[in-house]
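The tour below moves from one selection to the next and says what is found at each stop.

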Amino acid sequence: MNKNKIRFSIIIPNYNKGQYINECLSSVFNQSYKNLEVIVIDDGSTDNSLEEIKKFDVKFYTTDRLQAGGARNLGIKKAKGEYIIFLDSDDYLSNSNILEELNDFINDEDLIFLNYTMNKDGEISNKLDVYGDVYKKIELSSFLGAPTKCYKRSLIKDLKFPERQRFEDIVFTLEAMCKANSYNHFNNSFFIYRKVEDSNYSAKMSIDTIITILNELLKLYQLCCKYPKYKDCLITRLKRDKLDKRISIMNYMLDNNIEFLEVSEFYKLFNEE
């Protein structure tokens, strides 16, 4: 592969983010590096998203409420680039040279770990994944969002995100880590993560949400069988995620007819001894 001619496929799922997607797409089209394709999948938006998307020369597809996982699956199927980057439609690339910097950095690795900057109501903070070893990342890293990686397309072309559910990143990103034969860490902040009120991590916790997370965590046992090299660190991660505690909280909610818990209240219960 000629690293000076790496073709990136940037996959952007969107649902009702019309107020942000112009900034997202502008950050991509204003890049100094031009060897890329931009694939936008709109998942049945009812706001002004389509009007904003059509202002740009993008490959544009629609899905019908498959949520981010289903939209990303379609993007992977359509992608032609050697490397795939997932960018959420309310986020944006950190500067106009960042793709050129990434291109210069890549040396044919299967997986590149990316850092980001959080923008929470105008409060800016850099987020760095401090775990350099892939075993430690599997055990401990909180960087499980799909956009925190740059993937060689051949690595993930046969992997699937779960559709029509939240927290769809967990198993996909962990399996990509297990499957990769080579990886590296791009230390610059690659994108700005805009924490908005209706995102997964800002929402209240319902029983359905807890069940979804439990189902995803249980799939890690399948990864233990599929990738025995990483069995011990996957089991360590499962122990840290305290399945028994999550079930206990769910029973508490059922017993007390509690429909939703604030995220802060959930983690207070989760961390109680």
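Begin by selecting Arg72, which counts as buried because its relative accessibility is 2%, where buried means under 20% relative accessible area, exposed over 50% and partly exposed in between, with a 1.4 Å probe and protein chains only. Before going further, note that this is a predicted model, in which local features need pLDDT of at least 70 and side-chain atom pairs count only at pLDDT 80 or more, while totals for chains, interfaces and linings use all residues. Residues are numbered from 1 along each chain as its sequence is written, and side-chain values use heavy atoms, with hydrogens and water left out.

Arg72 sits in helix H3 (residues 67-78); helices (H or I, at least four residues) and strands (E, at least two) are DSSP runs, numbered from the N terminus. Now display its surroundings: leaving aside residues up to four places away in sequence, Arg72 touches several residues, among them Ile11, Pro13, Phe86, Ala146 and Phe161, a contact being heavy atoms within 4.5 Å.

Asp169 is buried, as is Arg72.

Then move to Arg194 and Glu23, whose side chains form a salt bridge with an N to O distance of 2.7 Å. Arg194 belongs to strand S9 (residues 183-194) and Glu23 to helix H1 (residues 18-29), so the pair ties together parts that are 171 residues apart in sequence. Are the two partners buried or exposed? Arg194 is buried, at a relative accessible area of 13%, whereas Glu23 is partly exposed, at 38%.

A further stop is Asp129 with Lys137, a salt bridge in which the closest N and O atoms are 3.1 Å apart, and both residues are buried. By the same rule, the count comes to 17 salt bridges.

Finally, select Lys160, which lies in the loop between helix H6 (153-156) and helix H7 (169-179) and is exposed, with a relative accessible area of 56%.

Terms used
Salt bridge = Lys/Arg side-chain N within 4 Å of Asp/Glu carboxyl O.
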